[in-house]
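These are my notebook entries on one protein model. I set down what I looked up, entry by entry.

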Amino acid sequence: MILGSAIDIVEHCGVPRFYFVDFPLGNPCGKPYDQDMQRSIVLEALKLFNTASEARSVVKDRNLWGSNEWRQQYMEIKPEDRERMLQQGEERRRKRQHLRDIGHTRND
């Protein structure tokens, strides 16, 4: 059973049971520090083990993140952050190339 937010990816993979939470990625169990919401989501997701009657069952959670404004702001790159992010990306590429040059791969 998968508990998550990336419905397009998970449905494409065809997992047996998927509990979909329409929240920003990285928050599949609810808002940080909202223990009541987190408990509710996990308990509802666990019910899928007993209630899913067919393959590729998908249940959509009813909780809301609040307003849906997070969708417009999610992954937004502000103009003032662009140069810093470009530099960080270039530095990461240099480090990865150096590791490849000395024989390190992601499988090491």
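**Entry 1: R56.** I looked up the exposure of R56 and found a relative accessibility of 48%, so R56 counts as partly exposed. The classes I use are buried for under 20% relative accessible area, exposed for over 50%, and partly exposed in between, with a 1.4 Å probe and protein chains only. R56 sits in the loop between α3 (48–51) and β3. Its phi is near 60°, a positive value in a residue other than glycine.

**Entry 2: basis of the values.** I note that this is a predicted model, in which local features need pLDDT of at least 70 and side-chain atom pairs count only at pLDDT 80 or more, while totals for chains, interfaces and linings use all residues. Residues are numbered from 1 along each chain as its sequence is written, and side-chain values use heavy atoms, with hydrogens and water left out.

**Entry 3: Y33.** I then turned to Y33, which has a positive phi of about 70° although it is not a glycine. I located Y33 in the loop between β2 (17–20) and α2 (35–46). Is Y33 buried or exposed? Y33 counts as exposed, at 80% relative accessibility.

**Entry 4: S5.** I found S5 in the loop between β1 (2–4) and α1 (7–13). Its relative accessible area is 14%, so S5 is buried. Which residues does S5 touch, not counting residues up to four places away in sequence? I recorded F18, F20, V21, F23, P24, L25 and P28, where contact means heavy atoms within 4.5 Å. The side chain of S5 also reaches the backbone oxygen of F23 at 3.2 Å.

**Entry 5: W65.** I placed W65 in the loop between β3 (57–60) and α4 (69–73). Leaving aside residues up to four places away in sequence, W65 touches F23, P24, N27, G30, K31, P32 and W70.

**Entry 6: the whole chain.** I read the order of elements along the sequence as β-α-β-α-α-β-α-α. The radius of gyration, taken over C-alpha atoms, is 19 Å, well over the 13 Å that the globule rule gives for 108 residues, so the protein is more spread out than a compact globule. The globule rule is 2.2 Å times the number of residues to the power 0.38. Helices (H or I, at least four residues) and strands (E, at least two) are DSSP runs, numbered from the N terminus. Along the principal axes, the C-alpha trace spans about 50 × 35 × 25 Å. Buried residues make up 19% of the 108 residues. Of the contacts between residues at least 6 apart in sequence, 53% join residues at least 24 apart.

Key. A polar contact is a pair of N or O atoms within 3.5 Å; within protein, one must be able to donate a hydrogen and the other to accept it, and residues adjacent in sequence count only if both atoms are side-chain atoms.
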